[in-house]
Amino acid sequence: MLQILGIILLVGGLIAALVGVQDAFGMRERAARLFLGHFTRRTLALLIGGGVAALIGLILIT
């Protein structure tokens, strides 16, 4: 049961991180970095949340 949850978290986390990477190179994000000097909250949440979810999923699989 935990392995199934791990697979779901791993896949979901990787998808969220991939969406975060794609969002980081979007026009809106480039404009925000120009004025703010850093990523927006949405992009950071996708990158960090996706990475943590994928890491937890990987730990549950092994």
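**Ground rules.** I number residues from 1 along each chain as its sequence is written, and I use heavy atoms for side-chain values, leaving out hydrogens and water. As the model is predicted, local features need pLDDT of at least 70 and side-chain atom pairs count only at pLDDT 80 or more, while totals for chains, interfaces and linings use all residues.

**Entry 1, α1 and α3.** I took helices from DSSP runs (H or I, at least four residues), numbered from the N terminus. Helix α1 covers residues 2-24 and helix α3 covers residues 41-61. I looked up their packing and found an angle of about 155 degrees, with the axes 7 Å apart. Axes here are lines fitted to C-alpha atoms over the stretch in contact, and angles run from 0 to 180 degrees between N-to-C directions. The two helices are therefore roughly antiparallel, a term for angles over 145 degrees. The crossing of α1 past α3 is left-handed, that is, the near helix is turned anticlockwise from the far one by less than a right angle. I then sorted the α1 contact with α3 by class and got 19 nonpolar, 8 polar and 2 charged residues. In this scheme Ala, Val, Leu, Ile, Met, Phe, Trp, Tyr, Cys and Pro are nonpolar, Asp, Glu, Lys and Arg are charged, and the others, Gly among them, are polar.

I found Leu 9 in helix α1 and Ala 54 in helix α3. Leu 9 is partly exposed at 26% relative accessibility, whereas Ala 54 is buried at 10%. The cut-offs are under 20% relative accessible area for buried, over 50% for exposed and in between for partly exposed (1.4 Å probe, protein chains only). Setting aside neighbours within four places in sequence, I list Ala 53, Ala 54, Ile 56, Gly 57 and Leu 60 as contacts of Leu 9; contact means heavy atoms within 4.5 Å.

Glu 29 lies in helix α2, residues 27-36, and Thr 43 lies in helix α3. Are they buried or exposed? Glu 29 counts as buried at 1% relative accessibility, and Thr 43 is buried at 0%. The Glu 29 side chain has a polar contact of 2.8 Å with that of Thr 40.

Methods
Angles under 35 degrees count as roughly parallel, over 145 as roughly antiparallel, 65 to 115 as roughly perpendicular and the rest as oblique. A polar contact is a pair of N or O atoms within 3.5 Å; within protein, one must be able to donate a hydrogen and the other to accept it, and residues adjacent in sequence count only if both atoms are side-chain atoms.
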